Amino acid sequence: ASTLNQLARTQGKYFGSATDNPELSDSAYTAILGGGEFGSTTPGNSMKWDATEPQQNQFSYARGDAVVDFAEAHDMMVRAHTLVWHNQLPSWLTSGNWSATQLTSILQNHIANVAGHYAGKVYSWDVVNEPFNEDGTYRSDLWYNTLGSGYIATALRAARAADPNAKLYINDYNTEGSGAKSDAMYNLVKSLKAQGVPIDGVGFQAHLAVQYGFPPGMQANLQRFADLGVDVAITELDVRMELPADSAKVATQATYYANVTKACIAVARCVGITIWDYTDKYSWVPGTFNGQGSALPWDENLNKKPSVYDAIATALGGS
Ligand code: G3I
């Protein structure tokens, strides 16, 4: 039988899983992570700002390097994540009362160092993560409030300078289907392209939930971004449900996984799919959404959920 990544490769795409450092000491877990199912990984936390620059201008790469080393040893690409976000920022950064000039140089210094450190070792960077509110306005955060939306172009230019070969992405959630937030991202990417700002791809996180329905028009939405001249990727896929799971919810979940996979397969510039870890043992969902979980294709005992796994494999062209 073929693995998910082998099937994806036959379609010219990759199939990946996020991971995190604590899990890398779980040998049953790493046997599957590095065992061929996944052609790419994303560090769930260890390349974020609080991890990489915990004190100003003091950089810390040990945990990010551990993920890169694991990937290299197991023939996996790395989708690096993330340079500019509103969350998981160190307190020296959030407690400072920075002028725009100061914050711009902090941003540029961070990106020069972190993307410079990983240059040549990562396939892509989520340069900017989650810039938008649900209504399509810019998120009110340190970056936007101090620098306006221009921080996005500043970050992309700094990333290109630091790592000319990495594919540079903007990544967000609830942009998978049509809607105000997706339109805002579309207009942003269109305008960045028109200004010659380096932007190579758009990431669609795809944190879906059985109880919220499937995003409307996903394939057409991915295609309209691709038509702007950028790659697209599914970057953090999971499909949570209200616990306990039952056969109807799992059937819906399997359909959602299949439909996301089919949408990516149908769009030539969709480069691949990453699930936000592969096993419920290490999913972020139960810690964030009380009473929800069972979001991933492998259960808490690292066993495949046959109907979910098979739905993805079939959508990837397996039989
Ligand atoms: O490191 C501390 C540890 O010292 C402490 O004992 C423990 C107690 O709670 O917390 C640990 O920090 C946790 C961190 O993950 C590392 O495990 C934080 O509480 C926890 O909030 C944090 O969650 C991460 C979350 O981003 C934070 O926003 C998840 O692991 C990570 O999967 C999640 O990933 C995000 C993407 O970056 C962006 N898209 C959404 C996605 C899911 O939220």
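Predicted model: local features only at pLDDT ≥ 70, side-chain atom pairs only at ≥ 80, totals over all residues.

Modeller: Residues are numbered from 1 along each chain as its sequence is written, and side-chain values use heavy atoms, with hydrogens and water left out.

Colleague: Why is the pair E37 and K304 called a salt bridge?

Modeller: The term asks for a side-chain nitrogen of Lys or Arg within 4 Å of a carboxyl oxygen of Asp or Glu, and the N to O distance between E37 and K304 is 3.7 Å, so the pair qualifies. The two residues sit in separate loops, so the pair ties together parts that are 267 residues apart in sequence.

Colleague: What makes E37 count as buried, and where does K304 fall?

Modeller: Buried means under 20% relative accessible area, exposed over 50%, and partly exposed in between (1.4 Å probe, protein chains only). E37, at 9%, is therefore buried, whereas K304, at 40%, is partly exposed.

Colleague: Why does R139 have no salt bridge?

Modeller: The nearest side chain of opposite charge, E130, is 4.1 Å away from the buried R139, which is outside the limit, so no salt bridge is assigned.

Colleague: How do you know that R139 and Y173 make a polar contact?

Modeller: Their side chains are joined at 3.3 Å, and a polar contact is a pair of N or O atoms within 3.5 Å; within protein, one must be able to donate a hydrogen and the other to accept it, and residues adjacent in sequence count only if both atoms are side-chain atoms.

Technical notes:
Lys, Arg positive; Asp, Glu negative; His and termini not counted. Helix = DSSP H or I, 4+ residues; strand = E, 2+ residues; numbered from the N terminus.
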